[in-house]
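Work through the two exercises below with the sequence and the model side by side. Try each task before reading its solution.

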Amino acid sequence: MVERQGAERRRIGAPALEVRNLNVYYGASHALQGVDLTLGSGVLAVVGRNGMGKTTLCKAIMGLVPVSSGSIVFNGEQLVGKTPSQIAQLGIGYVPQGRRLWRSLSVDEHLRMVAGSNKGAWTIDRVYATFPRLAERKNNGGGQLSGGEQQMLAISRALLVNPKLLVMDEPTEGLAPVIVNHVEDVLHSISENEGIDILVIEQNIGVATGVAETVGIMVNGRVNRLINAGELAADRDLQQRLLGVGRHSEDDGRRQTGSAVTEGEQAAATPTIATSQKIYVSNATPPTRWSKPAPVRQIIQSARSVTSTAAGSGAPAPQAELRSLASPGEQVVIVAGTLDTKGEELLFMRDLIRNAGLAVRIADLSTTTGRHSGAEIPAHQIAAYHPRGASGVFTTDRGESVAGMTLAFERWISRQSGIAGIISAGGSGGTAMVAPAMRSLPVGVPKIIVSTIASGDVGSYVGPSDIMMMHAVADVQGLNSITRQVLANGANALAGMVRARRDTKPSSAPGLPSVALTMFGVTTQCVKQITADLEKDHDCLVFHATGIGGQSMEKLVDSRLVEGVIDVTTTEICDMLVGGIFPATEDRLGAIIRTRMPYVGSCGALDMVNFGAFETVPEKFRSRNLYRHNPQITLMRTTADENAAMGRWIGERLNRMEAPVRFLLPEGGVSALDAPGKPFHDPAANDALFRALEATVRQTSTRQLIRLPHNINDPEFSAALAKAYRALHGDGRPQRRARAR
């Protein structure tokens with residue numbers, strides 16, 4: 001019942017955690033004074049000086065201290081008045097300050113005591129795989145572990161509850177830098193790959209701003225403000241004023257723009273002659289042969305400001321380093337590329353976009369070191385988002401550096417807000433560097449790549465996104481009569497798309513809720529019948545299940561641009577597991593898992609693997625049951641063993657879905673070719689599929705497999721899919737989950 005209610009609250013858009021007007025007293029001392037805090041999803045960090053109430057906030061959430069007034073709501077469930085055990089059972093894991101381990105219990109005993117009969121993705125074996133050091137020390141007592149090992153054990157203990165929310169109080173306190181980096185990587189992985197929301201209390205500004213997009217600052221028992229993590233990481237004045245972070249003695253210069261964080265702080269105006277520049281020192285202390293590279297965030301935070309004036313020809317001096325992508329509510333255009341090789345071209349596009357009246361920033365993806373390029377978003381700032389920091393980007397091997405910057409830029413983009421559009425220009429290397437980051441942006445955000453390779457097959461660059469690629473015609477190497485025209489067309493096209501998107505007035509009437517459906521030629525009748533049933537009160541989006549179709553559908557799910565899914569046709573899994581030409585990726589169904597969206601699906605076209613023309617079918621399959629769909633496509637019937645493997649694969653993914661699941665099994669055939677008398681009719685193979693699903697899926701009141709005695713294209717089966725969808729979604733538009741605010 002708790003699981004069903006929690007899934008329902010997520011469906012209707014309840015924040016993961018919502019604290020309102022929370023007051024806690026210790027005797028006459030007012031520890032929490034009307035705290036307001038909301039975590040919509042993802043990671044929210046809270047920082048503050050000692051004694052500001054951070055730990056009390058954690059204890060209040062977990063029911064460890066009495067609440068005088070106010071509310072704490074987790075996924076729609078009121079926590080005030082509940083015991084700590086009841087709160088933990090609702091799905092909240094707690095990592096307390098100081099670890100709180102038993103000295104006499106071994107690592108293994110700690111874990112087994114918590115794991116008990118809990119079933120979920122996190123098991124003791126997985127803990128040992130994630131923290132190999134704990135596996136090595138599994139028989140050691142809690143008092144025999146180092147501080148880092150104790151923290152690993154405390155985090156593991158919380159994960160074994162298989163929580164929906166982790167509350168972590170000072171997880172890196174007292175740890176060595178190498179352990180801090182490992183803990184930070186684990187937090188990233190938990191949030192991004194496991195879909196667990198995290199509230200982390202931290203004194204380490206680098207960790208807080210590294211793991212969260214938004215940081216709350218506590219002052220005197222209140223949340224003083226919520227601030228963009230990148231802005232806080234770069235603003236030493238704000239850290240000093242609110243958090244007491246020390247300054248280097250040589251940091252006597254003051255930024256000309258002041259230190260107050262206001263909505264107008266990040267101006268996009270043309271730079272003036274007097275500018276403030278950052279001076280970075282990579283080795284604050286003399287290095288030795290054993291010294292490790294200083295973390296990039298440490299270098300950024302210890303930089304000092306120097307005011308300079310342009311001299312000579314009177315040309316404008318470089319702009320001051322941008323401390324955040326955009327002010328609250330501001331939308332900016334990103335011009336991304338390698339300024340060390342494409343600077344003239346990128347600046348040309350930047351100026352055209354700025355002249356169109358749009359705020360614009362240059363993101364430098366150069367992998368060479370030694371000088372500041374003058375970009376608003378410098379290369380070292382982006383490189384800091386690599387899992388290994390700048391050392392993962394600025395290497396002696398060019399290929400490794402390019403790969404490192406590609407990953408860092410993708411991670412940087414995914415943590416930004418306020419991106420109105422993005423454009424880049426370059427060759428094959430530059431295109432490969434920006435494409436993954438562009439693909440991570442929601443569908444609808446304008447994206448243009450001007451590239452020398454845009455006249456060929458661009459599928460690997462565009463993927464399931466809406467990237468527009470323009471052929472550069474001439475090499476992107478300097479400005480000439482051709483490149484000026486092509487680059488200008490790209491910049492003006494992006495400016496037009498951004499302005500149109502910005503100026504389009506939303507409809508006064510609410511739109512119909514959108515539902516994504518997957519279809520193949522052999523399941524067309526099923527999808528047409530569902531669409532006819534739903535189209536009066538739903539916007540039906542149909543995706544052709546040819547590999548990229550499923551990816552595009554899940555891209556919209558990840559972007560929260562569809563309200564629900566009827567995944568009729570899961571055939572791309574056949575090609576992925578057997579080796580066809582329209583394969584899914586290993587992330588098929590991953591968007592459903594990450595977004596916790598209710599899921600309605602079926603076995604559409606799992607009876608076939610797709611190949612090209614008949615002569616292209618691999619030799620090892622020539623003796624199989626083959627069907628010439630058309631001169632370009634040959635279909636191969638799947639066997640009982642292949643169906644069993646698909647059933648297990650799908651079943652394991654269904655088990656990871658936390659929202660309600662209805663997966664319908666058509667006993668009369670999974671495609672038009674699988675009906676009685678048709679060439680792919682094979683009840684034994686289908687039965688192997690169904691039995692494997694039933695043996696793998698952990699069925700509950702919310703996760704159900706439903707057998708029906710119909711072919712997938714029968715009207716009765718289509719009606720059952722539509723009915724299941726309405727039962728989970730209704731006819732109204734569900735509210736989307738809010739981000740931390």
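The exercises that follow concern a helix pair and a set of salt bridges.

This is a predicted model, in which local features need pLDDT of at least 70 and side-chain atom pairs count only at pLDDT 80 or more, while totals for chains, interfaces and linings use all residues. Residues are numbered from 1 along each chain as its sequence is written, and side-chain values use heavy atoms, with hydrogens and water left out.

**Exercise 1.** Determine how helix α4 and helix α7 pack, and which residues make the contact.

Solution. Begin with the axes of α4 (residues 107–115) and α7 (residues 147–159), which are 9 Å apart and form an angle of about 20 degrees. The two helices are therefore roughly parallel to each other, a term that covers angles under 35 degrees. Next, list the residues in contact (heavy atoms within 4.5 Å): α4 contributes V107, H110, L111 and V114, and α7 contributes L153, S156 and R157.

**Exercise 2.** Find where E694 and R707 lie, and describe their salt bridge.

Solution. A salt bridge requires a side-chain nitrogen of Lys or Arg within 4 Å of a carboxyl oxygen of Asp or Glu, and for E694 and R707 the N to O distance is 2.8 Å. E694 belongs to helix α24 (residues 683–696) and R707 to strand β26 (residues 703–708), so the pair ties together parts that are 13 residues apart in sequence. E694, with a relative accessible area of 33%, is partly exposed (between buried, under 20%, and exposed, over 50%, with a 1.4 Å probe and protein chains only). Finally, a network of salt bridges links E667, D687, R691, E694 and R707.

How values were computed. Axes are lines fitted to C-alpha atoms, for helices over the stretch in contact, and angles run from 0 to 180 degrees between N-to-C directions. Helices (H or I, at least four residues) and strands (E, at least two) are DSSP runs, numbered from the N terminus. Angles under 35 degrees count as roughly parallel, over 145 as roughly antiparallel, 65 to 115 as roughly perpendicular and the rest as oblique.
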